[in-house]
Every structure is written in C-alpha cells, then in structure tokens.
Amino acid sequence: MSASGPVVVIGGGVIGAAIAQSLAARGTGVVLLERGHVGALPSASGASAALLEPLAGAEPTLAAMAQRSLDRLPGLCDSLRASTGIDPRWSRPGTLFIARRDREASWLRDVRAPLFAAAGASPSWLNADQALECEPAISPNVIGALRIAATQSVDAPSFTRALVAGAVLHGAVLMTGTPVNGFRRIGRRVVAVQTDTDEIACGQVVLAAGAWTATLARQLGADVPSVAVAPQRGQIMALAPRGTAPRVRHVLHGAGGYAVPKPDGTIIVGATHDDVGFDDSITPDGLRFLGNLVHELIPGLASETIQRTWCGFRPVWRGQDLPPWGSVGPLENLLVATGYGAIGLTIAAGIGEAVADQVTRR
Ligand SMILES: Cc1cc2nc3c(=O)[nH]c(=O)nc-3n(C[C@H](O)[C@H](O)[C@H](O)COP(=O)(O)OP(=O)(O)OC[C@H]3O[C@@H](n4cnc5c(N)ncnc54)[C@H](O)[C@@H]3O)c2cc1C
C-alpha cells in the first residue's frame with residue numbers, strides 16, 4: 001500500500017480474487033470491488049469448467065505462468081479450505097485425449113505427447129483396450145488415448161469465493177453490489193475510484209473486470225490506451241448420471257470440447273465459443289453442440305439427465321501482444337489483468353502472485 005491509500009482491485013472474478021488474496025497475504029491493504037456477487041453468473045469464473053491443464057506447446061510466458069499456478073494450487077486450495085471453511089473442491093483427475101482416427105492418434109503420439117513431456121506432465125499412451133478399461137463410458141470406436149496425469153480441477157465459483165474469503169481473513173475489504181463507474185485522476189495518477197455512492201481513495205488500481213474491463217478502462221481518460229478485451233459466450237452444461245451409469249474418472253478431450261468429472265459425480269460438458277457480445281442466451285445451436293459432445297466423448301452417458309445449462313463470458317484478448325498483467329501506461333499507478341480467454345482459471349493463482357510481485361515491487 002502506498003501512502004495515498006490501499007490497492008483497489010476492481011472485479012471479483014477469479015483473477016481479481018487471486019490478486020486480492022496474494023496482496024492481502026503479504027500484508028498489503030486491499031479493497032476488492034465487485035458489482036454483483038463473487039463467482040456468480042454471467043462472470044466467466046461463475047461459469048467455468050475449471051479444467052486446469054499444463055499449457056503444453058503454448059506461448060512460453062503463458063505456459064510458464066500456468067505452471068506457476070498449477071504448482072501453487074494443491075497447497076493453496078488446502079490452506080484456503082482450512083482457513084476459510086470454503087472447499088475449492090480441488091482434484092487431480094488427469095486427462096485422456098481420445099483418438100478415434102489414425103491421424104488423431106499420430107498427432108497425439110507424435111506432436112502432443114512430446115510437448116506434454118517437455119512440460120513435465122508425464123504423458124502415456126493407452127491402447128484401445130486400456131482406454132476403455134479405464135473409461136467405460138467412452139466410444140467403443142476409440143483406437144487409443146493420450147493420458148496426462150497432471151491435470152487438476154476445482155469448482156470455479158467455490159475456488160473464487162475461497163480466494164476472496166482468504167483475502168478478507170488477511171484484512172482485505174470486500175464490497176459486493178458495488179459497480180465502479182468512474183475514476184478521479186490527478187495528472188498521471190488515479191487518486192480515487194468512484195462508485196454510485198462512494199469515492200474510494202487508492203494508492204494503486206488493478207482493473208480485473210474480465211470481459212467488462214474495456215468499458216471500465218474507457219472511463220480513465222482519452223490518453224489511456226484501449227484494453228483490447230471482448231466477451232465470448234461459453235454455453236456449458238452439467239450431466240448428473242445415475243448411480244448405475246459408468247463413472248467417468250478423467251477429464252476427456254475430443255471433438256472440440258471436453259467432459260470434466262467433478263468429485264460429486266456430476267460431469268461438466270463444454271463449451272461453445274460464441275462471439276455474440278453480452279447476449280446470455282442458451283441457444284438450440286449451443287445445446288446441439290453440447291449434445292454432440294456427449295455422443296462423441298461419452299456415448300455411454302447420452303441418456304443421462306441434464307442437471308443444468310448455463311453460460312458465461314470469457315474475456316478474450318484481441319490485442320497484438322499477450323494479454324496484460326501489469327502496467328499498461330501512461331498512468332503510473334494503474335495495472336490491468338484481463339484477457340486470459342479459456343485459460344483464466346488455469347493461470348489465476350500465478351497471475352495473483354505476479355501482480356502482487358509488481359505491486360509490492362518484489
Ligand atoms: C463456459 C466457460 C468454461 C471455461 N472453462 C475453463 C476451463 O476449463 N479452464 C480455464 O482455465 N478457464 C476456463 N474458462 C475461462 C475462465 O473462466 C476465465 O478466463 C476466467 O474466469 C476469467 O476470470 P476474470 O476474473 O478475468 O473474469 P470474470 O470471472 O468474468 O470476472 C470479472 C468480474 O468483474 C466484475 N465487474 C465487471 N464490471 C465491473 C465494474 N464496473 N465494477 C465492479 N465489478 C465489475 C464482474 O461482475 C465479474 O464478477 C471458461 C470460461 C467459460 C465462460
């Protein structure tokens with residue numbers, strides 16, 4: 001915290017929550033402002049499947065950030081559960097990438113497996129019998145599968161709430177139902193953040209409002225570069241298989257989507273990538289896509305009950321460079337952390353630490 005006030009973090013999604021938690025745990029004064037409820041829809045963090053996989057073959061800075069996050073997660077989730085009483089429902093289900101055609105099998109074995117090996121993720125190849133033995137609900141037409149043991153998962157809303165509760169335990173002030181609608185500047189500093197009812201003095205400001213960050217950044221003044229983030233709707237659903245249905249143990253990948261088993265027995269199937277602005281409809285096309293995924297990935301569960309469908313808005317980066325986590329200039333006490341699209345849950349714990357490093361100048 002600088003002499004002129006706390007760090008004000010705007011946005012109580014997983015990114016703002018992770019930043020607030022990391023800062024507060026270091027003894028920095030934090031105010032976290034969320035316009036609705038933490039981890040609620042249609043925020044991406046309320047919607048996410050929270051499949052957390054090493055980013056093998058991705059841009060190296062992002063891959064390293066993901067690894068920093070994944071290394072931190074088991075201990076972080078344990079300590080949040082113990083200290084806050086909120087269970088992030090961490091698990092390590094591992095992943096099977098399903099191959100049903102020869103070219104898929106060669107791509108997985110020859111291209112993906114070495115990338116996962118280089119990322120330290122212990123890939124192994126299962127033949128058809130082994131894949132079916134381990135996951136009886138998958139298609140009998142499988143010809144093999146690449147298994148990644150390292151894949152983790154959490155419950156996204158619970159993880160987000162646990163991070164916020166952890167921040168509050170370390171002294172952070174949480175204000176929900178508090179939309180930020182403006183800023184007061186003196187020269188190259190933001191000196192206060194404005195809400196409908198208050199003006200909150202700040203030493204530093206972190207914009208972490210997900211897909212809504214571009215709108216917020218426009219309130220800062222014409223000299224601040226635009227934040228190139230846009231919403232992308234993800235439609236997704238949960239299946240609640242009966243006790244007699246084959247149990248899914250691994251995250252399953254294929255056919256342009258995934259199925260993520262959760263510790264309570266539900267299976268999250270997703271997700272669409274719809275560039276439709278902030279339209280939060282569930283559509284027939286979306287449902288058809290999700291239904292097809294079930295048929296492609298887990299046909300053994302195609303007659304099980306759909307428990308729930310929902311959608312949220314991924315903050316997708318449309319800029320030239322990587323999405324930012326830090327200063328974007330020209331304001332000297334402004335940081336931006338958004339635009340992580342479909343990997344925000346995976347890298348959140350790392351981003352929290354990286355932004356806290358910058359704020360506390362470690
Ligand atoms: C269907 C779906 C599935 C996904 N699956 C995965 C996955 O398996 N693995 C993975 O790593 N990622 C996944 N993602 C992506 C991941 O969920 C996001 O990248 C991540 O949640 C983004 O977090 P965020 O905090 O940046 O944004 P958000 O979670 O959207 O949070 C932004 C917050 O800012 C608040 N806000 C906005 N404007 C204001 C304002 N003016 N004042 C105050 N508060 C404001 C909003 O209310 C919101 O709570 C998925 C996303 C979706 C939609």
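Modeller: The buried residues of helix 3 pack against helix 1, strand 3 (51-52), strand 7 (152-153), helix 6, strand 18 (325-327) and helix 9, where contact means heavy atoms within 4.5 Å and buried means under 20% relative accessible area, with exposed over 50% and partly exposed in between (1.4 Å probe, protein chains only). Helices (H or I, at least four residues) and strands (E, at least two) are DSSP runs, numbered from the N terminus. This is a predicted model, in which local features need pLDDT of at least 70 and side-chain atom pairs count only at pLDDT 80 or more, while totals for chains, interfaces and linings use all residues. Residues are numbered from 1 along each chain as its sequence is written, and side-chain values use heavy atoms, with hydrogens and water left out.

The residues of helix 3 that are buried are L62, M65, A66, S69, L70, L73, L76, C77, L80 and T84. One of them, L73, is also the site of a kink of about 45 degrees, shortly before the proline P74; the bend at a residue is the angle between axes fitted to the seven residues ending there and the seven starting there. From its first C-alpha to its last, helix 3 reaches 34 Å with its 25 residues, close to the 36 Å expected at 1.5 Å a residue; the expected span is 1.5 Å times one less than the number of residues.

The two ends of helix 3 may be described in turn. At its start, a side-chain oxygen of E59 reaches to within 2.8 Å of the backbone nitrogen of T61. After the helix comes G85, whose phi is positive, near 80 degrees.

Helix 6 (residues 156-169), one of the packing partners of helix 3, has 14 residues and reaches 20 Å between its first and last C-alpha, close to the 20 Å expected. Because 10 of these 14 residues are buried, helix 6 is largely enclosed by the rest of the structure. The buried residues of helix 6 include F159, L163 and V164. As a group, its buried residues pack against helix 1 (14-25), strand 2 (30-33), helix 2 (44-47), helix 3 (60-84), strand 8 (173-175) and helix 9 (344-359). Helix 6 is followed by G171, whose phi is positive, near 105 degrees.

Conventions. Polar contact = N/O pair within 3.5 Å; in protein donor to acceptor, adjacent residues only side chain to side chain.
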